[in-house]
Amino acid sequence: MAKTKHQNENFKKILTELYTKKPISRIDISRNTNITAATITEITSQLKVENLIEECGKYEVYENKNGRKKILLTISKGHSYYIGVEFARDMLNISLTDNLGNEINSQHTNLDHVYSDTLKEVDLIQKTIESFVQQHHEYHPCAIGIAIPGHFDVDRQKIATNNEFWRNFDLKSLLSQISLPIYIENNVHCMTIYEQYISQKTKNENFVFFHAAKGIFASNLYNGNLYGAQNFNVGEIGHTIVTPNGELCKCGRRGCLQTYIGEEQLLDKAKIIYRQSSQTFLHSLVTKEESIELKTIVDAYKLGDLGCIKLIEDAFNSVVITLNNLKMTMDIEKIFIHGPLLSNSEVNHLLFEFINYKKLFPDKEEINIEIVPYSKKNGSLGACALAIRNQLIMSLPAHNKIDSELT
């Protein structure tokens, strides 16, 4: 039987409570959502029949003199399965999880060899996804989430970005060739959705997910929703100014955050050190500048290389300035930080030294800042979370289904 709009809204609210605050009792769901106890009982009973939720214990209600116990509910694992895909210029990652985000399998494909040809890249991605779906057909995946390096222009079904390669990427063709429902979102927004629904590190509180790798982005979860997700300028903090009259950025301005913590910019500076300094430890770590990676910079830092020490100190100092600005301008309780350099345990102690030294209000309780361990799978697992949220929890129309209906 089809649900009314009001019934759908109640289902969304209840499932959101179960995902973000599990385990939780019916009475607490009712208190948090203002949905009547009778409606909560009716909907949770239906969800139990569908094997999506289950009872997982009881606890005492101390404020009740009768000593009645609350029955706790949680999400059942293995109810359904979802595929997440993240593609970037150099790689394609695909993951399969169940409805709780438990990873079943992940696959990494290098895309370096088709860099210059977007048509070949679309074809390779489409065939790789189809092959992955076929390999895991026994799980009957329900939907696919795609994490993209930019924003999804729904009307044009294209990637909205200032990167020419992705502007020419034929996303519409990719969508039309895959039969499963597809949901698309910015890759950092996907990682935010993962923290909201899957990781259990937050109880749906307001937080920022700060990501710094090749690109830099800050995704903000506010009152349970992605803040400004439809405004493609919101979150693009890589080109906020952290050093007035600082280094020249590719955007034409000076002192952008991107010039200090961006992966490509760090590698470019390390190559200059390699060429111009005969004393740098980089010469003992690689035989040619093209071999320099972030790990090389970290290794040189550990050896005491003055040039690489300055690179990392400048990078972390710019991040701390940005985090302080975020704390002052956003109503948030937590900040997740993520990226290959930020997550590196061999150097990020310096980042926290800077954070503690430059506290804005040292006598006040500080916002919780937590590092998310960096992995190539973060984006594809986040895309799985996107598919779970949109397909299972929110029952949103798929992007490729909208297109087929319109055409």
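## Exercises on a pocket and a helix

In this predicted model, α1 (5–21), α2 (26–33), β8 (151–153), β10 (182–186), α7 (187–197), β13 (225–226) and α14 (378–393) each supply at least two residues of the lining of the second largest pocket.

**Exercise 1.** Find which element gives the largest share of the lining of the second largest pocket, and describe how the residues of this lining divide into nonpolar, polar and charged.

*Solution.* Begin with the extent of the pocket, which has a volume of about 720 Å³ and is lined by 30 residues. Next, look towards its centre, where Asn 225, Leu 226, Arg 389, Met 394 and Leu 396 are the lining residues that lie nearest. Then turn to the elements: the largest share of the lining, 5 residues, is supplied by α1. Finally, sort the lining by residue type, which gives 12 nonpolar, 12 polar and 6 charged residues.

**Exercise 2.** Work out how the buried residues of α3 are placed around the axis of the helix, and state which residues are exposed on the other side.

*Solution.* First locate helix α3, which covers residues 37–49 and, with its 13 residues, reaches 18 Å from first C-alpha to last, close to the 18 Å expected at 1.5 Å a residue. Now pick out its buried residues, those under 20% relative accessible area, which are Ile 40, Ile 43, Thr 44 and Leu 47. Viewed down the axis of α3, these buried residues fall within an arc of 100°, so they line one face of the helix. On the other side of α3, Ala 38, Glu 42 and Val 49 are exposed.

Key:
Residues are numbered from 1 along each chain as its sequence is written. This is a predicted model: local features need pLDDT of at least 70, side-chain atom pairs count only at pLDDT 80 or more; totals for chains, interfaces and linings use all residues. Side-chain values use heavy atoms; hydrogens and water are left out. Helices (H or I, at least four residues) and strands (E, at least two) are DSSP runs, numbered from the N terminus. The expected span of a helix is 1.5 Å times one less than its number of residues. Buried means under 20% relative accessible area, exposed over 50%, partly exposed in between (1.4 Å probe, protein chains only). The arc is that of the directions from the helix axis to the C-beta atoms. On a 1 Å grid over the protein atoms alone, a cavity is a set of points where a 1.4 Å probe fits but cannot get out, and a pocket is an open set with protein on both sides within 12 Å along at least five of seven lines; lining residues have an atom within 4 Å of a point. Grid points are joined across faces, edges and corners, and a volume is the space filled by probe spheres set on the points. Ala, Val, Leu, Ile, Met, Phe, Trp, Tyr, Cys and Pro count as nonpolar, Asp, Glu, Lys and Arg as charged, and the others, Gly among them, as polar.
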